[in-house]
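Me: I would like to learn how to read a protein structure step by step. Could you take me through one, starting with how atoms touch?

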Amino acid sequence: MKKLWVVLVIGLMTLVMAGCKGASKEYDMVSLISEEMTANYLYTELAKKYPEDELFTNMAEVEARNIEALEAMAARQDISVEEAAAEDIEIPETKEEALSRAVDFKKTDIRLLKKMIKNEEDAYSKEVLSDLLKSSEDDYSMLKTAYDAEKPLVMRCGNRCKIREIRENSQ
């Protein structure tokens with residue numbers, strides 16, 4: 001009887017753990033799609049604000065494709081993502097603030113993708129997530145470069161500029 005009880009308890013714990021893992025996977029997928037939707041909204045609004053800069057238009061298109069890929073992956077795994085939605089965020093006033101926000105979104109995106117890849121067991125889904133991660137890392141580099149170019153010179157070179165300015169003023 002004791003062995004039967006142990007088997008039942010282990011079986012119940014396995015079911016609970018599997019349910020938690022499934023719920024966590026759904027939560028992660030909803031979080032990632034929501035983040036992509038919010039980023040898409042941000043880039044779409046910034047593209048309207050800065051029509052001369054194709055960067056934001058291109059990023060909005062990338063985010064839209066990412067959303068489609070993630071929704072298809074969720075459907076393939078029978079994961080409900082109906083709760084995914086864009087956050088209501090304030091659109092930055094300056095281009096520098098916009099690029100800073102975009103860099104932050106990509107950092108969050110990369111962190112979520114790495115977490116999901118680590119926990120993903122399905123080979124196809126892992127491949128999709130890995131492709132999205134590579135794309136996000138490339139986008140991050142591009143956005144970071146654009147942000148660094150937009151910042152005022154003193155901010156970009158930090159202490160080196162201050163030291164150079166002090167030396168020039170002391171001569």
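Reply: Happy to. Let's begin with the polar contact: a pair of N or O atoms within 3.5 Å, where, within protein, one must be able to donate a hydrogen and the other to accept it, and residues adjacent in sequence count only if both atoms are side-chain atoms. Here the side chain of Ser 34 reaches the backbone oxygen of Val 30 at 2.8 Å. Some background: this is a predicted model, in which local features need pLDDT of at least 70 and side-chain atom pairs count only at pLDDT 80 or more, while totals for chains, interfaces and linings use all residues. Residues are numbered from 1 along each chain as its sequence is written, and side-chain values use heavy atoms, with hydrogens and water left out.

Me: How many helices and strands does the secondary structure of the protein come to?

Reply: Helices (H or I, at least four residues) and strands (E, at least two) are DSSP runs, numbered from the N terminus. This protein has six helices and zero strands, so from the N terminus on its elements read α-α-α-α-α-α. Ser 34 belongs to helix H1, which covers residues 2-49.

Me: Is Ser 34 buried or exposed?

Reply: The general idea is a cut-off on relative accessible area: under 20% is buried, over 50% is exposed, and in between is partly exposed (1.4 Å probe, protein chains only). Ser 34 has 14%, so it is buried. Tyr 41, also placed in helix H1, has 30% and is partly exposed. Of the 171 residues of the protein, 36% count as buried.

Me: How far apart in space are Tyr 41 and Ala 60?

Reply: Their C-alpha atoms are 7.4 Å apart, although Tyr 41 and Ala 60 are 19 residues apart in sequence. Ala 60 is one of the buried residues of H2, along with others including Leu 55, Phe 56 and Ile 67.

Me: What happens at the two ends of H2?

Reply: At its start, a side-chain oxygen of Asp 53 comes to within 3.1 Å of the backbone nitrogen of Leu 55. Just after H2, Asp 78 takes a positive phi of about 60°, and Asp 78 is a residue other than glycine. Asp 78 lies in the loop between H2 and H3 and is exposed, with a relative accessible area of 72%.

Me: Which other residue is placed in that loop between H2 and H3?

Reply: Thr 94 is one of them. At 35% relative accessibility it counts as partly exposed. The side chain of Thr 94 reaches the backbone nitrogen of Glu 97 at 3.0 Å. Thr 94 and Lys 49 are 45 residues apart in sequence, yet their C-alpha atoms are 9.7 Å apart in space.

Me: At what angle do H3 and H4 cross?

Reply: Axes are lines fitted to C-alpha atoms, for helices over the stretch in contact, and angles run from 0 to 180 degrees between N-to-C directions. Angles under 35 degrees count as roughly parallel, over 145 as roughly antiparallel, 65 to 115 as roughly perpendicular and the rest as oblique. The axes of H3 (residues 95-119) and H4 (residues 123-150) come within 9 Å and cross at roughly 155°, which means H3 is roughly antiparallel to H4.

Me: What classes of residue make up the contact of H3 with H4?

Reply: There are 14 nonpolar, three polar and eleven charged residues. Ala, Val, Leu, Ile, Met, Phe, Trp, Tyr, Cys and Pro count as nonpolar, Asp, Glu, Lys and Arg as charged, and the others, Gly among them, as polar.

Me: And how does H2 pack with H3 and with H4?

Reply: H2 and H3 pack at an angle of about 25°, with axes 13 Å apart, which makes H2 roughly parallel to H3. The axes of H2 and H4 come within 11 Å and cross at roughly 165°, so these two are roughly antiparallel to each other.
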